[in-house]
Amino acid sequence: MDIDALKQTVRGAVTTRGDAGYEGTRAGLLWNGRKPERYPEIVVKAMDAGDVQAAVRFAARNGLRVSARGGGHNFSCVSLQDGLVVDLGAMDRLGIDVEKRTATAGPGVTNSRLAAALTEHGLAFPVGHCASVPVSGYLLGGGFGWNSGAWGIACHNVASVEVVLADGSLITASETENPEIFWAARGAGPEFFGIVTEYRLRLQDLPRTIRTSVWSYSLDRIDAVERWMSATMRILPSNVEFTAVMSSAPPPLADRAAKTVAAVATIFAASEEEAAATLAKIQSGAPEGALAAQLGMETPFDVLYRIIGQFFPEGRRYAADTHWSADPAALLRGLADSVSAAPSPETFALAVVLPPTASQAIPDTAFSMIGPAFGAAYAIWRDSKNDAENFTWVRQASERAASYSLGHYIGEADLDLPERARGSFSAAAYARLCSLQRKYDPAGLFHRPAREPLKKAG
Ligand SMILES: Cc1cc2nc3c(=O)[nH]c(=O)nc-3n(C[C@H](O)[C@H](O)[C@H](O)COP(=O)(O)OP(=O)(O)OC[C@H]3O[C@@H](n4cnc5c(N)ncnc54)[C@H](O)[C@@H]3O)c2cc1C
């Protein structure tokens with residue numbers, strides 16, 4: 001098949017290197033303001049699974065590697081590769097079956113759209129924390145979303161997936177149909193050996209109330225804040241998300257501290273009484289000396305998304321890395337020290353202390369790396385001339401964490417480092433994933449970060 005035949009076969013646009021508009025298409029694949037110097041020969045905007053099949057078959061016949069692109073939100077920009085990129089962003093059909101409490105979502109459906117549509121029916125899903133991230137790569141990498149203490153990792157709420165394999169076939173994978181592909185589709189992320197064209201989701205009840213409280217402290221109080229968070233999470237119900245956000249002081253507090261830690265507790269409760277009782281338990285342990293506190297704010301999903309959006313402005317340059325740890329004290333102290341030394345004022349870090357049960361028993365899927373606490377460092381800056389110092393900052397923050405890190409979360413790991421992908425799985429899961437890659441993609445059609453170092457980070 002030549003390129004003209006491909007253009008006639010697929011419903012969506014086909015852009016080749018040299019076409020007018022190529023650079024806009026290439027750069028538009030990524031949410032990150034940083035656009036690494038990788039240049040796909042062809043970008044196929046898929047409108048349906050048939051387009052994905054045609055693109056995959058074309059690539060296989062023409063010796064091109066394939067990279068799927070959901071929303072281009074991966075901080076390491078891994079969906080942008082040489083070869084052929086299949087852009088799934090327009091495949092955003094969403095169907096909700098209220099009776100069966102299931103939804104089918106195309107890969108392009110965003111977190112905020114899914115949450116809003118489910119809210120109308122009194123239903124919910126462990127959507128991710130950022131509005132514009134689509135389910136595509138979010139679910140494939142695991143999905144560490146809202147209320148994960150109670151609802152679990154998002155991919156463990158997936159009932160089945162539709163997948164285009166390297167031979168161009170379209171299959172369904174679930175617990176009973178192609179179970180080993182289903183095992184991999186829940187957590188493999190960029191290491192997956194196919195393209196997911198649809199997710200079927202099991203839904204949850206919408207909490208009656210979602211209440212958020214924020215206590216802000218000078219960052220040098222991090223140890224006291226961590227002791228409070230860890231002790232509190234041991235006595236709270238699992239439907240509370242307790243996160244420490246370490247950053248430059250927000251403007252109202254800037255005359256009282258240079259850097260702050262905001263302890264943010266979001267309660268997903270079945271009643272107002274339950275939310276109030278939970279908040280009272282949290283508040284009773286709060287360290288003295290908060291610079292500010294806002295308690296019990298009503299924060300339905302759309303409000304949560306507006307709040308989180310302020311931390312991740314569009315158009316900035318980003319680099320990130322993550323760690324799971326069994327030592328929250330060391331994790332939070334390490335991230336606080338890193339944030340104190342950040343070269344960019346917009347850079348921040350967060351750490352979540354999970355409910356004790358959350359990391360104890362998880363279903364057997366490719367998502368296999370988890371711990372009692374999670375930490376993420378986000379370098380955010382504006383100008384390419386500051387790239388080197390910000391990459392160095394992320395790497396140093398991770399080196400600091402090496403002694404207490406259990407491993408990484410592939411959805412937000414620094415995948416420019418070849419060892420990161422492997423470190424995002426348990427040893428057994430990684431071995432199984434590699435053997436499935438050999439079985440289902442023997443020619444290595446799909447890009448995978450662990451197989452080869454990516455080109456220039458850019
Ligand atoms: C601002 C921001 C906030 C975030 N918050 C969270 C959060 O709260 N929780 C969380 O878990 N993660 C979070 N993430 C990480 C995010 O979930 C992952 O980066 C995810 O991969 C983004 O999905 P995407 O479709 O945009 O991926 P892309 O960047 O498009 O792709 C990432 C990788 O996945 C592969 N891929 C994507 N879709 C498919 C598919 N359908 N089939 C096969 N391969 C595919 C790509 O080939 C690529 O290797 C956040 C990211 C950002 C930028």
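Strands here are DSSP runs of E with at least two residues, helices are runs of H or I with at least four residues, and both are numbered from the N terminus. Two strands count as paired if DSSP finds at least two bridges between them. E162 has T172 in β9 as its bridge partner. There are 5 residues between the two strands, and G168 in this hairpin takes a positive phi near 85 degrees.

Please keep in mind that this is a predicted model, in which local features need pLDDT of at least 70 and side-chain atom pairs count only at pLDDT 80 or more, while totals for chains, interfaces and linings use all residues. Residues are numbered from 1 along each chain as its sequence is written.

## V164 and its surroundings

V164 belongs to strand β8. It counts as buried because it has 26 C-beta neighbours inside 10 Å; the scheme calls a residue buried at 20 or more other C-beta atoms within 10 Å of its own, exposed at 12 or fewer, and partly exposed in between, with C-beta atoms placed from the backbone. Leaving aside neighbours within four places in sequence, V164 is in contact with A49, V52, Q53, V56, L170, G194, I195 and T197. Contact means that the C-beta atoms of two residues, placed from the backbone, lie within 7 Å. W215 is 51 residues away from V164 along the chain, and their C-alpha atoms are separated by 47 Å.

## A second hairpin

Strands β5 (residues 94–97) and β6 (residues 102–105) pair in the antiparallel sense over 4 bridges, with I96 opposite A103 in β6. This hairpin has 4 residues between its strands, and R101 in the turn has a positive phi of about 55 degrees.

## The seven-stranded sheet

An open sheet is formed by 7 strands in the order β15-β12-β14-β13-β17-β18-β16, with antiparallel pairing. Its edge strands, each pairing on one side only, are β15 (292–298) and β16 (317–325). From one strand to the next, the twist averages 15 degrees. Within the sheet, 9 bridges join β13 (residues 240–248) to β14 (residues 259–269), and S248 stands opposite K259 in β14.

Helix α8 (residues 222–235) packs on the sheet, where it touches β12 (209–218), β13, β14 and β17 (348–353), and its direction makes about 170 degrees with that of β13. Such angles run from 0 to 180 degrees between N-to-C directions, and axes are lines fitted to C-alpha atoms, for helices over the stretch in contact. Helix α9 (residues 272–284) lies across β12, β13, β14 and β15, at about 150 degrees to β14.

## Helices α11 and α12

The axes of α11 (residues 328–340) and α12 (residues 387–401) come within 10 Å and cross at roughly 155 degrees. That makes the two helices roughly antiparallel, a label for angles over 145 degrees. The contact involves L331, G334, L335, D337 and S338 of α11, together with Q396, A397, R400 and A401 of α12.

## The nonpolar core

The largest nonpolar core has 142 residues, and A55, V86, A185, V261, L335, A349 and A351 touch the most other members. Such a core is a set of buried Ala, Val, Leu, Ile, Met, Phe, Trp, Tyr and Cys residues joined through C-beta atoms within 7 Å. Strand β18 (residues 373–381) gives the most to this core, with 8 residues. Beyond its neighbours within four places in sequence, A55 is in contact with V10, V44, A46, L84 and V86.

Terms used. Parallel < 35°, antiparallel > 145°, perpendicular 65-115°, else oblique.
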